[in-house]
Amino acid sequence: MRTFLKIVIFSLAVTGVYAFFANIVIPQVRPAPPPVEEALDLGSMTMEQFVGLGEKVFNDICTLCHNPVGGRAPLMIQAGKDGPPIGARAEERVKDPTYKGKAKNGEEYIRESENFPSAFVVPGYGVKGTNDTVSPMPVTTSGAIGLTDAKVDAVIAYFQTNAGVPVTVKIPTGAPAPASTEAAAPPAAPAKTPEEFVAKYGCGVCHKVAGQQGPICPDLMHIGTVAMTRIKDKDYKGKAKDAAGYITESILNPSAFVAPGFPPGVMPPDFGAKILAQEFNMMVNFLSNSK
Amino acid sequence: MKLFSVVISKGLFKRGFIAALFFFAFLFALPLLKPAKFFLIGTNTAHASEQAVTTEKLPDAEAKPEAKKEEYQPAPKLKASDYPQNKYINGRVMAWLTAQLHLWFAAFVLAVPIFVFIIEAIGMATKDERYDKMAYEFIKVSLTAYSVTAVLGGLLLFTLVIFYPDFIKYMSGVFSSTMLAYAFLFFAESLCLYIYYYGWHAMDTGFGKWMHLTVGWMLNVVGTTMMLLTSAWASFMMAPHGVSATGAFEGNVWLAIHNHLWNPLNLHRFVANIAFGGGVVGAYAAYKFLSVQTKEEKAHYDWMGYTANFIAIAGLLPLPFAGYWLVAEIYATSQQMGITLMGGSFAWWFIMQAILIGGLFLSANYYLWCGMERTKGAERYIKYTKYIAFVIVMCFLVWFTPHTLVLKPGELKALGGPYHKYLGPLGIMPAKNTAVNIMLIFTFLSFTLYKRCSKIATVSWAPLGNAIQAAIFTAAVINVVICGVYFGYFTNTVYKVASSVLQVGSTLTVLISVTIIDIFMFKGAKEAAPLEWGKMPDRSQYALFVLAVTFTWLMGLMGFIRSGIRQHWHVNGVFRDASPDAFTPTIGYGARVISTGVIIFMAIIIFIFWLAQFGAKKSFKAANH
């Protein structure tokens, strides 16, 4: 019986050590709650907002693979070894002899790529062993991604705007896209004030903003004014034209411009996937007016 | 290794090899079979969503027969209210715990018959009754565990029916034929196991022994087939196949079984089960070693513990490679899922995995080093153990160095960012791959030294053999480091991933070539000093317990990660989990559930060990007097 007890206590102690390590030593990162599809009020949307929606979809979802770091998929919004940005090169793809789809123009090509990614596989990006005939890209209009037709159109509009070619898609009219009928776990409540937003996303840990005194990242108390200076900076490589655009870009793509005197890579790049649409707009407005 | 040498020297190798060949052929030929009705059409590896689009969105695609569309409904779109709640029991935690406990016991009862069969065959070939006796004792422990497995399986089914009725209805709609087959196979396995166990002494000579061995073979075939079926259900939930994008079953169950992740999961489970089974019977032997008093009994359970540790290490060494294949296929199936796994929400869970695997390697090595005390011949090698320990600890430290640190503002400011200037690069995969391969190579070195403690090679080419082995070890380590450092940090991602294959190749080369050289070099070796079984310090037995508890914790952790990367999907991409508990928990929450499961599992298994004492005392006395 003594051995029995010793073994029981020893086993409990070993288990306890692992449980302690996982609970106390490893940081408790709380993953985002399951997503809830937003209802889009397309009827009241301007083209600029529609393009913004496409940009958000692209940054939230597509950049997981279409980014300059991993080399997993062709670049979409940057020019590079794959040619000009997709908005411009799509027109050329449909003329490629290896193209297997039915699109007649760039817009149709991009839409087809979302539904049937293997219609054209960019050389070097095919599934291994298929000689670039099968694309590893998932269908984005169904399954886990499940983009609506409106969102696909918004992404096309964003690609075309980004490439400087005429936007050929139209904002879908008619009834707003229905909210998802899929019930899900209740999402975290959207922040209603800048203070709530700052507390929710921990901006004050690094930034001086909305009553918080974060010491290690740029002061945001006057970012509405400072943003215009940054846009004119010779090192600025982003695409923003105004303070709101700069702030949007800094949140969604922090590496577009790193404020002088601050280290790169500190700002998390995944806020675009976490911040809810309505609180995002509220915060951008608040910061744009912080002068 | 002694087991392996016996197989070679006693001529069992040829028969064993053919038998093993048939066994593995059976395992891996299933995907190639295409009987007309059960497997309606041939195999392909298109994914559900891709397949659905191919058929639904391309105008020229072949239309599905209308009858099929009407016969099977899409996956239901559920609301939170569709999940029954119980005031006192959380359905998710209940399902999590029962599924995990069932898997632990199932892994144990599937693994034990595999090595019991091999040990019995060795005993039969060598006519050494010790093997037979040990095999019988192993199967006796697994017999009690078998009943617990069945009870937990029933509890899991009830839990799913009560808390996830729509999910179980959907899964049984797709897999009805395999679920019925599973139930019938359960009967077959019970029958084989009872004949195998209760017929052990009745069929212990001549043709009877062959018959007994054949029953053991059938037990393993049935058990492994059951594992393949359950793996099909689990892998389908991750990589649905044979269903439309809305989850409607297309009528061909073979496509659903042979999904993209089925075979990688089969292999990983098969190897992991053996390592886990070895770990648990090692704990049994340790428990008995600490409980018994006589020298003979101590010697017996020491030998049993050594054999169990050998089995656990033999399973542990190839496990990272099987895991690597599984993860590569997860990436190939869904990059999104792969990134969630390794770089997203679950990245910190892998730091915990590193801790646990470090614990496994250190305890297994420690047990081997303690084992050197069994013979005076080990004095030649004991001086090297401190260097091996140093290398393994360093590799362990590299393995659990995180890439991105979660810091307080002051710490972030002091560090100048979330990445440490020097330690940050150790957080990425090339460093981890390098560390784990070196850890494997040095563990194998520990084992190689242990094997030769009591022997002196007598062949004339022994010095040359030793030099070649040393050269192989050295070249492999250099190659692993160069592949990790040069291709990992100074070239692009494509080479970074590809270089890991070279690293694995180096490790496998060491394992295979050094083993082959050893077999021939120590043929007819003379004894350096007698090997005294039972001459082990008690602390070494606790290392076997660390091994068992750590294996159990690790299986719980990795089981959750594999399942958890589906996030808020019952069946990835086609059937959403809308329950209030569909969130991905923090690692602390997960650790508390896993630890609870480990404690329940260990409590039951130690109770089973304790129960086994009653009969064992009597039979040991009868056998020795």
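Axes here are lines fitted to C-alpha atoms, for helices over the stretch in contact, and the angles between them run from 0 to 180 degrees between N-to-C directions. Helices (H or I, at least four residues) and strands (E, at least two) are DSSP runs, numbered from the N terminus. With that in hand, welcome to a predicted model, in which local features need pLDDT of at least 70 and side-chain atom pairs count only at pLDDT 80 or more, while totals for chains, interfaces and linings use all residues. Residues are numbered from 1 along each chain as its sequence is written, and chains are lettered from A and ligands numbered from 1 in the order in which they are written.

**Confidence**

- For the complex, the predictor gives an ipTM of 0.81 and a pTM of 0.71.
- Where pLDDT is low, the predicted coordinates should not be read in detail.

**Chain A overall**

- Chain A contains 9 helices and 2 strands, in the order α-α-α-α-α-α-β-β-α-α-α along the sequence.
- Of the 291 residues in chain A, 34% are buried; buried means that 20 or more other C-beta atoms lie within 10 Å of a residue's own, exposed means 12 or fewer, and partly exposed is in between, with C-beta atoms placed from the backbone.
- Among contacts in chain A with a separation of 6 or more, 51% join residues 24 or more positions apart.

- Helix α1 of chain A (residues 2–25) has 24 residues and should span 34 Å at 1.5 Å a residue, which agrees with the 33 Å between its end C-alpha atoms; the expected span is 1.5 Å times one less than the number of residues.
- The buried residues of α1(A) include I7(A), S11(A), V14(A), T15(A), Y18(A) and A22(A).
- An α-helix has 3.6 residues a turn, so residues three or four places apart point the same way.
- Helix α4(A) is mostly covered, with 7 of its 10 residues buried: G106(A), E107(A), Y109(A), I110(A), E112(A), S113(A) and E114(A).
- Those buried residues of α4(A) pack against α3 (86–93) and α5 of chain A.

**Loop residues**

- P190(A) sits in the loop between α5 (149–163) and α6 (194–201) of chain A and is partly exposed, having 15 other C-beta atoms within 10 Å.
- Neighbours within four places in sequence aside, P190(A) is in contact with L276(A), Q278(A) and E279(A).
- From P190(A) to K208(A) there are 18 residues in sequence and 22 Å in space, C-alpha to C-alpha.
- Most residues other than glycine have a negative phi, and most peptide bonds are trans.
- D132(A) is not a glycine, yet has a positive phi of about 55°; D132(A) belongs to the loop between α4 (106–115) and α5 of chain A and counts as partly exposed, with 16 C-beta neighbours inside 10 Å.
- Q567(B), not a glycine either, has a positive phi of about 55°; Q567(B) is in the loop between α20 (538–564) and β3 (569–571) of chain B and is buried, with 22 other C-beta atoms within 10 Å.

**Helix α17 of chain B and its partners**

- Helix α17(B) (residues 429–451) has 23 residues and reaches 33 Å from first C-alpha to last, close to the 33 Å expected at 1.5 Å a residue.
- Since 18 of its 23 residues are buried, α17(B) is largely enclosed by the rest of the structure.
- The axes of α15(B) (residues 379–399) and α17(B) come within 9 Å and cross at roughly 160°, so the two helices are roughly antiparallel; angles under 35 degrees count as roughly parallel, over 145 as roughly antiparallel, 65 to 115 as roughly perpendicular and the rest as oblique.
- Residues making the contact include Y384(B), I388(B) and W399(B) of α15(B) and A435(B), M439(B) and F442(B) of α17(B).
- The axes of α14(B) (residues 347–371) and α17(B) come within 9 Å and cross at roughly 15°, so these helices are roughly parallel.
- In this contact, the residues include F361(B), L368(B) and W369(B) of α14(B) and M439(B), T443(B) and Y450(B) of α17(B).

Technical notes
Two residues are in contact if their C-beta atoms, placed from the backbone, lie within 7 Å.
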